[in-house]
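Subject: Structure handover

Dear colleague,

I am passing on the structure we talked about, and below it you will find my notes on what turned up when I went through it. Please keep the structure open while you read, so that you can follow each step.

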Amino acid sequence: MTALDDLIARFDVTDPAFVQWPYPVLDELREATPIFFDERTDQWVLTRYAEVHETLRDRRLGRAYTHRYTHEQFGRSEPDPRWSRFHEHEQWSLLAIEPPDHTRLRRLVTKVFTPRAVEAMRPQVEALADELIAPCVERGRFDLIAEYAQPYSVAVICSMLGVPRTDTQQLLDWSHAIVKMYELRTGDDVKVAADRAAGEFIDYTRALIADKRRSPDGSLISELVAVEDQGDVLTEAEITSTAMVLLEAGHEATVNSLANGMRAMMLHRDQWTRVTSGEVAPRTAIEDMIRWDAPLHLFERWVLDDGVEIAGQPIPVGQEVAMLFGAANRDPRRFDDPGRFDAGRGDTAHVGFGGGIHFCIGAPLARLELEVSVDRLARHLPDVQLAAEPAYHPTFVIRGLTALELST
Ligand code: HEM
């Protein structure tokens, strides 16, 4: 076994110790090689900023291949019919399609989900933050995730979409079950639960769309029903997938960014003081919260065209590439002293929100939610500290804490 093989073996997403704090191994891997083949997942894995940045923008690779090839042509198996409702739920998700469908759908969705529509949410987002933080301040000890970040983030996206607040817990449960499908290795029990949740979620969303058709209320779903571009409109299946991907993508990563980032602040007290003293604005601080301990660690692409070569390695059509965001975001070739958490860094060039045609459509909303939360925490709880040592979920792709107990 070579030293690199040994290092690749330590990149083990099933190893709890690695998943708890993957950065030492990711740092070593990135410095050892820009690319390696992982036989366990049959993927070419990219470790450095430049290659990840470029691959996100390379149109010869895509998140999907079925618009161009059959599963057989691509040497992949047909989707398992046992998980048909899961596949149905993401059929028209922006994350599951490529041009020309992606171009058309994204154009219609961005006509409605605009930075202006997000900014118009600010008073409501601030009111929600105040409402949720008040009991935390009063109690003096609380779990930032369960008592603040989750209810906050779900309420924000639900309110924007026009989902009744009474249904938010149900949506959270479905969403938690569904996103487990995106981990690198999943067992049948997880898939059964994800498929069931997807089915219930689809039925719920369809009923909601019918409701908005009958009584338009200015919400995002209402606008998606009404949106038109040069005679082009969204179909019912497209609205369903879009509403669902916004609900799912709309809270999980935001919750984890806030909690991972506040843990970083607590471990780097001097940086938190820079925020509470007003030296560093919350809007600036959130960028290194996302970069330093990324909430999403791995994104994949299929090679769709001949001639793809990454870091000198030719990669044929049909092969899969995985990009390690947590490694790229700590690449010293791009970021000065990247292992240092620096609230004032404010560098928005991290790959936390991706890049290219699939760049996070929710980035303005995520940034607004994070900014308002950091502002309210700094203002109302400047002396907050860790009340217990937090632990991360045992999942590598979606990286988040099980709880973040804080006290004053
Ligand atoms: C800090 C929080 C967030 C992070 C770190 C994040 C990260 C990402 C990343 C990395 C991608 C690109 C995936 C790829 O290229 O393969 C993406 C896409 C996407 N995100 Fe986010 N996201 C966040 C919050 C949100 C929110 C709040 C929403 C919606 C309200 C959202 C909706 C989406 C959607 C719909 C896409 C797919 C866009 C497309 O394929 O065209 N995200 N996100």
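Let me begin with a pair of strands: E11 and strand E12, the latter covering residues 405-407, run antiparallel and are joined by two bridges. Within this pairing, Gln-385 has Ser-407 in E12 as its bridge partner. Please bear in mind throughout that this is a predicted model.

These two strands belong to an open sheet of three strands, whose order is E4-E12-E11 and whose pairing is antiparallel. Strand E4 (141-143) and strand E11 (385-386) are its edge strands, each of them pairing on one side only. As background for reading any such sheet, its strands pair through backbone hydrogen bonds, and they may do so either in parallel or antiparallel fashion.

There is also an open sheet made of five strands, which follow one another in the order E1-E2-E10-E7-E3, and here the pairing is mixed. Its edges are formed by strand E1 (35-38) and strand E3 (61-62), each of which pairs on one side only. If you look at E1 together with strand E2 (residues 43-46), you will find that they pair in the antiparallel sense over four bridges, and that the bridge partner of Asp-38 in E2 is Gln-43.

Turning to the helices, helix H11 (residues 188-214) packs against helix H13 (residues 236-249) at an angle of about 115 degrees, and their axes lie 10 Å apart. H11 and H13 are therefore roughly perpendicular to each other, and the crossing in which H11 passes H13 is right-handed. Where they meet, H11 contributes Phe-201, Ile-202, Thr-205, Arg-206 and Ile-209, while H13 contributes Glu-236, Ile-239, Thr-240, Ala-243 and Met-244. Sorted by class, this contact of H11 with H13 contains six nonpolar, two polar and two charged residues.

Which residues are the closest to the ligand? Of the 26 residues that surround the ligand, the closest are Gly-250, Ala-253, Gly-354, Cys-360 and Gly-362. By class, the shell is made up of 17 nonpolar, seven polar and two charged residues.

Key:
Residues numbered from 1 in each chain as written. Predicted model: local features only at pLDDT ≥ 70, side-chain atom pairs only at ≥ 80, totals over all residues. Pairing = 2+ DSSP bridges. Axes fitted to C-alpha atoms, helices over the stretch in contact; angles between N-to-C directions. Parallel < 35°, antiparallel > 145°, perpendicular 65-115°, else oblique. Left-handed = near helix turned anticlockwise from the far one by under 90°. Contact = placed C-beta atoms within 7 Å. Nonpolar A, V, L, I, M, F, W, Y, C, P; charged D, E, K, R; others polar. Near = placed C-beta within 6 Å.
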